[in-house]
Amino acid sequence: MTALIALLRLLEDTSWRGFLLALALVGGVAVGLWLAQPLLIAMGHGSLILFFVVLVAACVLIGVPIAFTFGIATFSYLSLTTELPLSIVVNRIDDGISNLLLLAVPMFVVLGLLMEMTGIARVMVNFLTALIGHVKGGLSYVLLGAMYLVSGISGSKAADMAAVAPILFPEMRRRGAHPGELASLLATSSAMSETIPPSLVLITIGSVTNISIVALFTGGLLPAFVAALGLVVVAWFRARRDDTGAGTRAPVMVMARTFVIAVPGLTLPFVIRAAVIGGVATATEVSTVGVVYTALLGLLVYRQFDWRRIYPILVDTVSLTGAVMLIIGTATAMAWALTQSGFSQWLVSVMAGVPGGTAGFLAITIIAFIILGSVLEGLPAIVLFGPLLFPVAKAMGVHEVHYAMIVILAMGIGLFAPPFGVGYYGSCAIGRVSPDDALWRIWPYIGALVVALAIVAAIPWISIGFL
């Protein structure tokens, strides 16, 4: 059925000539691989490079969605080099998405979309603007603070950025900020906030590696704070030259009023995090409470609840949740295939023999996940390689929560760094900024994130000190 739908979509989007050419090309590759089956079997582990490196890279380059890329590679490897029944791929996909923790994904997506609709993000930004918006670079600090508060609640970084950027960017432009500066700050603040609970990434990594969600939620705030401080330092240096400081200091009464208005919304992130960390509710349960709380705020407090938007919100939720689940499922199947092939044992032996011991292992992890985060769009890299590398880290004496923070921050840097990071282009689109304008201005911020990541990696206490 999936193949039939794909063929119909292809026929809809292209001419008959293009349709037939695509069929001939794919069919030719499939026939060639089938005829080369004896050679592929004789290659042993060398066939892994063909299917899981060359084939995956080719699919990514021609724009095949990452979930289908993983599925194609896994299906091709198992069908051409093993005698295992292909139904096992479906079983592995089912296992990958059957974790009870993943029930929290659609609820947090709904929660993030409701926050945007009910104006909770806007009242948070208004309070921070009244508090520090008048100083040089103040709106940059407001953006960082808002992303720190808002991020993680939504299941989508695009939703986080879309909730904050339209409120701040017009005034930041009026103060003389370069458009590329705005997109750079938005992209790197999103990368900074990947470890802030209840991040979808934290929930996913907990589900695929069996790490305590409470421990991940507890350990994620301080690494993000270190990264935020690095961005603040760069923003301060930039503001000395670019920001005109045209804002006027808000009267104390305005600060007090915006604070009172923002209190109901400001309590939401802290209530969610405290409930999970304190053991009052699971991540799944607290997401449901958050949805009800946000809906009541929109109906009774902020009086911004557009019933006409409920259906589009549900459609967006189903779309995003389905995409995430399909990625997790196919990545789980691919990771299982790599494990069965003996790749994981080889990886353990190689990583254990890295020069420099634990420090060398962490350095290679950082480099690898920055690259994988940009090529595999972030989350799939964690789902695919997390189950393989976390046992290696544990064997080398690295705490699993500490290692999770390193992996997530490195993945975030890759996801939002040009020229390959898709998050970078998303931030430019949301900020309505040309990617060329931000290309050369983002690197000091990326550098600050890399330094912060090195500090987090070198000082495990930042990640595990409060466990």
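Q: Where does V123 lie?
A: This is a predicted model, and in it V123 lies in helix α8, which covers residues 120-132.

Q: Buried or exposed?
A: V123 is buried, with a relative accessible area of 5%. The cut-off for buried is under 20% relative accessible area, so V123 qualifies.

Q: What does V123 touch, not counting residues up to four places away in sequence?
A: V123 touches I261, A262 and Y302.

Q: And what separation do V123 and G373 have, C-alpha to C-alpha?
A: Those two C-alpha atoms are separated by 33 Å, and V123 and G373 are 250 residues apart along the chain.

Q: Which gives the most?
A: α5, with eight residues of the lining.

Q: What is the lining like by class?
A: There are 28 nonpolar residues in the lining of the largest pocket, along with six polar and one charged.

Q: Stay with α6. Which residues are buried there?
A: I88, V89 and G96 are buried in α6. Seen down the axis of α6, its buried residues fall within an arc of 105°, so they line one face of the helix.

Q: What covers the buried residues of α6?
A: The cover includes α5 and α16.

Q: What about α16, and where is T317 found?
A: T317 is found in helix α16, which runs over residues 310-340. T317 counts as buried, at 5% relative accessibility.

Q: Which residues does T317 touch, leaving out those up to four places away in sequence?
A: P106, V109, V110 and L113.

Q: Now L102. Where does that residue lie?
A: L102 lies in the loop between α6 and α7, the latter being residues 104-118.

Q: How many residues apart in sequence are L102 and I370?
A: They are 268 residues apart in sequence, and 25 Å apart in space, C-alpha to C-alpha.

Q: Where does N210 lie, and is it buried or exposed?
A: N210 lies in the loop between α12 (200-209) and α13 (213-242). N210 is exposed, with a relative accessible area of 67%.

Q: And R303, what phi does it have?
A: R303 has a positive phi of about 55°, although it is not a glycine. R303 is found in the loop between α15 (283-301) and α16, and is exposed at 66% relative accessible area.

Q: On to the core. How many residues has the largest nonpolar one?
A: The largest nonpolar core has 155 residues, and those with the most contacts inside it are F52, L143, M172, M192, L384 and Y403. Helix α20, residues 400-416, gives the most to this core, with 13 residues.

Q: Pick M192. What is it in contact with beyond four places in sequence?
A: M192 is in contact with L144, Y148, A224, A227, A228, L231, L409 and L449.

Q: Last one, I382. Where is it found?
A: I382 is found in helix α19, residues 379-395. At 0% relative accessibility, I382 counts as buried.

Q: What is I382 in contact with, its neighbours within four places left aside?
A: V201, I205, F369, P387, V407, I408 and M411.

Q: And how many residues apart along the chain are I382 and L149?
A: I382 and L149 are 233 residues apart along the chain, with their C-alpha atoms separated by 24 Å.

Technical notes: Residues numbered from 1 in each chain as written. Predicted model: local features only at pLDDT ≥ 70, side-chain atom pairs only at ≥ 80, totals over all residues. Heavy atoms only, no water. Helix = DSSP H or I, 4+ residues; strand = E, 2+ residues; numbered from the N terminus. Buried < 20%, exposed > 50% of the residue type's maximum accessible area, 1.4 Å probe, protein only. Contact = heavy atoms within 4.5 Å. Nonpolar A, V, L, I, M, F, W, Y, C, P; charged D, E, K, R; others polar. Core = buried A, V, L, I, M, F, W, Y, C linked by side-chain atoms within 4.5 Å. Arc of directions from axis to C-beta.
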